[in-house]
Amino acid sequence: MKARGLESVAERFALGYVGSALTGHEQRSGTLVLPYLRPAGGPHGVATLRFRCIADQCVKDENGAYFAPTRKESHRGHGKYLSLPGDMPRLFNTPSLIPISPFIVLTEGEFDAMAWESVGAPAIAYQGTNTWRDHFIPPLLGFGTVFIIADGDDAGIAAAEKLAALLPNAKVIVLGDGHDSNSFLHEFGAAALRERIGLS
């Protein structure tokens, strides 16, 4: 998280690490845990968990430097993420839907939502292009603007524009040069990221 420039929000998102897995969950050992927190908290305040591979051989180069956020990681033979068995696609960071705001930022991927939150912009994330569900739309209709962040490649722009067609209050923001929100923040800083959606 420090390498990604997201250390300041890691505790707020209650991120964790699987140091000792429960029986039957051994494949999640050594992963980063991303809780999907519910706005109300309480005894059922975690809607689900996602697990992200952070094995050195996947996330670091031969010199021990992290690939992310500016270089592609190398996950061979497995995906970057694991969900709980039978879990459904969900929106990440739904507490940001609650406070009154004229806008919200919508990203593909949890780390990108964290990047926006770290610069003071309310943000939520969906898990990937195949995980969008129609029931995600109604909570977004109350905002004046939904800034859909397009990763800076053809596939990212196409996915963002397809999503924008479903939301009458959407604006697509293209970060360009192959950037996602986290890499843009890392390279250009908080003020430049805020400026992309017109915040000073």
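For my counts, Ala, Val, Leu, Ile, Met, Phe, Trp, Tyr, Cys and Pro are nonpolar, Asp, Glu, Lys and Arg are charged, and the others, Gly among them, are polar.

**Ground rules**

I am working with a predicted model, where local features need pLDDT of at least 70 and side-chain atom pairs count only at pLDDT 80 or more, while totals for chains, interfaces and linings use all residues. Residues are numbered from 1 along each chain as its sequence is written, and side-chain values use heavy atoms, with hydrogens and water left out.

**Entry 1: the pocket**

I looked up the largest pocket and noted a volume of about 710 Å³. My pocket is an open set of points on a 1 Å grid over the protein atoms alone, where a 1.4 Å probe fits and protein lies on both sides within 12 Å along at least five of seven lines; lining residues have an atom within 4 Å of a point. Grid points are joined across faces, edges and corners, and the volume is the space filled by probe spheres set on the points.

I take helices (H or I, at least four residues) and strands (E, at least two) as DSSP runs, numbered from the N terminus. By class, I have 14 charged, 9 polar and 4 nonpolar residues in this lining.

How many residues of α3 are buried? I count 8 of the 9, so α3 is largely enclosed by the rest of the structure. Buried here means under 20% relative accessible area, exposed means over 50%, and partly exposed lies in between (1.4 Å probe, protein chains only). Among the buried residues of α3 I noted Asp112, Met114 and Trp116.

I then turned to the largest nonpolar core, with 28 residues; a core is a set of buried Ala, Val, Leu, Ile, Met, Phe, Trp, Tyr and Cys residues joined through side-chain atoms within 4.5 Å. Val105, Met114, Trp116, Ile149 and Ile197 touch the most other members. Elements that give two or more residues to this core include β5 (103–108), β7 (145–150), α3 and α5. The largest share, 5 residues, comes from α3. After α3 comes Gly120, with a positive phi near 85°.

**Entry 2: rings**

I found 6 aromatic pairs in the structure. Rings of Phe, Tyr and Trp (its six-membered ring) pair if their centres lie within 6.5 Å; planes under 30 degrees apart are stacked, over 60 edge-to-face and the rest tilted.

- Tyr126 and Trp132 are edge-to-face, 5.5 Å centre to centre with 85° between the planes. I noted Tyr126 as buried at 5% relative accessibility, and Trp132 as buried at 13%.
- Phe184 and Phe188 make a tilted pair, 4.7 Å centre to centre with 50° between the planes. They sit 4 residues apart in helix α5, so about one helical turn separates them. Phe184 is buried at 7%, whereas Phe188 is partly exposed at 41%.
- Phe13, Tyr36 and Phe92 are linked by ring pairs into a cluster.

I also saw Arg50 over the face of Tyr81, 4.4 Å from the ring centre; a charge sits over a ring if NZ of Lys or CZ of Arg is within 6 Å of the centre and within 35 degrees of the ring normal.

Most residues other than glycine have a negative phi, and most peptide bonds are trans.

- A cis peptide bond joins Ala68 and Pro69, with omega about 10°. Pro69 lies in the loop between α2 and β4. Thr70 is found in the loop between α2 (56–59) and β4 (81–83), and is partly exposed at 48%. Thr70 and Phe184 are 114 residues apart in sequence but 8.3 Å apart in space, C-alpha to C-alpha.
- Ala14 has a positive phi near 55°. I placed Ala14 in the loop between α1 and β1 (16–17), partly exposed at 38%.
- Asp177 has a positive phi of about 50°. I found Asp177 in the loop between β8 (170–174) and α5, exposed at 74%.
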